[in-house]
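Please open the structure in a viewer and keep the sequence panel at hand.

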Amino acid sequence: MSAIEVLAEQPAGEPYAAFPHVAEIIVGLIAFSLLVYVIGKFAWPNVVTSHEDTKKQIEGGMARAEAMEADAKAELARSRQRLAGVDDETARIRDDARADAERIGQDMDAKARDEAERIKAQGQQSLDASRSRTISDLRAETGHRSVELARRIVESSLSDDRSRGESVDRFLAELEAMGGSTGGPAGGTGNGARGNGGQA
């Protein structure tokens, strides 16, 4: 039933009979005030405290999140710097390795050239020594043979004067044969022997 219907059913001499009495209103106000006081005294501080705690927790979480984000950004910047440093170090190591390889190659080439020159010099010395020994041996052999031939010519000329020309010719032929096989020293010795033969 609505308020208008209630008012319509009231007797004409008692208006507003459906509304509460003034005493009830006062009691209600007092009770409401007590309720508000009790809530404000005991319940509301707990609500406010809980709200403040929750707010502080949220703010603290946001601050920690911001701090973590700042730390993450700083760590990312440091990581990028370290990465750039690693790239620079890698490039430097690569350049140093390339320079070392080139230097080692140059050193090896220089050592190889020096070793080749040393071996060549030793070979030349050995060749010169062998040539000197060979020439000395040939000269000694040529001299010995020249003396031997001269001795034979002298003996032949002394034993038989008529065969002197034949002995000289044979001696000259042998000297020419020796000169062809031994070179210059034989020719010089042959000339000396020829002169001896002519004197003999």
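**The nonpolar core**

Begin by selecting L149, I153, F171, L172, L175 and M178: these 6 residues make up the largest nonpolar core. Two elements, α2 and α3 (164–182), each give two or more residues to this core. Of the elements, α3 gives the most, with 4 residues. The model on display is a predicted one, and its confidence is taken up at the end of the tour.

**The whole chain**

The view contains 4 helices and 0 strands, and the order along the sequence is α-α-α-α.

Of the 200 residues in the chain, 8% are buried. If contacts are displayed, consider those with a sequence separation of 6 or more: residues 24 or more positions apart account for 38% of them.

**A nonpolar patch on the surface**

With the surface still displayed, select F32, L35, V36, I39, W44, V47 and V48. Together these residues form a nonpolar surface patch with about 650 Å² of accessible area.

Side chains of opposite charge can pair when their charged atoms come close. In this model the count comes to 10 salt bridges.

Move on to R103 and D107. The two residues form a salt bridge, with 3.8 Å between the closest N and O atoms. Both residues lie in helix α2, 4 residues apart, or about one turn of the helix. D107 is partly exposed, with a relative accessible area of 37%, and R103 is also partly exposed, at 44% relative accessibility.

Then select E115 and R118. Their side chains meet in a salt bridge with an N to O distance of 2.2 Å. How many residues apart are R118 and E115 in helix α2? They are 3 residues apart, so about one helical turn separates them. R118 is partly exposed at 39% relative accessibility, and E115 is partly exposed at 35%.

The last pair is E141 and R145. The N to O distance in this salt bridge is 3.0 Å. The two residues are 4 residues apart in helix α2, so they too are separated by about one helical turn. R145 counts as partly exposed at 42% relative accessibility, and E141 is partly exposed with a relative accessible area of 37%.

**Confidence**

Finally, colour the chain by pLDDT. The average for the protein chain is 76, and 73% of the residues score at least 70. Where in the chain is confidence lowest, and where is it highest? The lowest mean, 43, belongs to helix α4 (residues 184–199), and the highest, 85, belongs to α2. Select residues 183–200 to close the tour: pLDDT is below 50 over this stretch, which has 18 contacts in the model beyond near neighbours in sequence. Where pLDDT is low, the predicted coordinates should not be read in detail.

Terms used:
Residues numbered from 1 in each chain as written. Predicted model: local features only at pLDDT ≥ 70, side-chain atom pairs only at ≥ 80, totals over all residues. Heavy atoms only, no water. Buried < 20%, exposed > 50% of the residue type's maximum accessible area, 1.4 Å probe, protein only. Contact = heavy atoms within 4.5 Å. Patch = residues over 30% accessible without salt bridge, like charges linked within 9 Å, V, L, I, M, F, W, Y side chains within 5 Å. Areas by Shrake-Rupley, 256 points an atom, 1.4 Å probe, with all protein chains shown as cover. Salt bridge = Lys/Arg side-chain N within 4 Å of Asp/Glu carboxyl O. Core = buried A, V, L, I, M, F, W, Y, C linked by side-chain atoms within 4.5 Å. pLDDT = per-residue confidence, 0-100.
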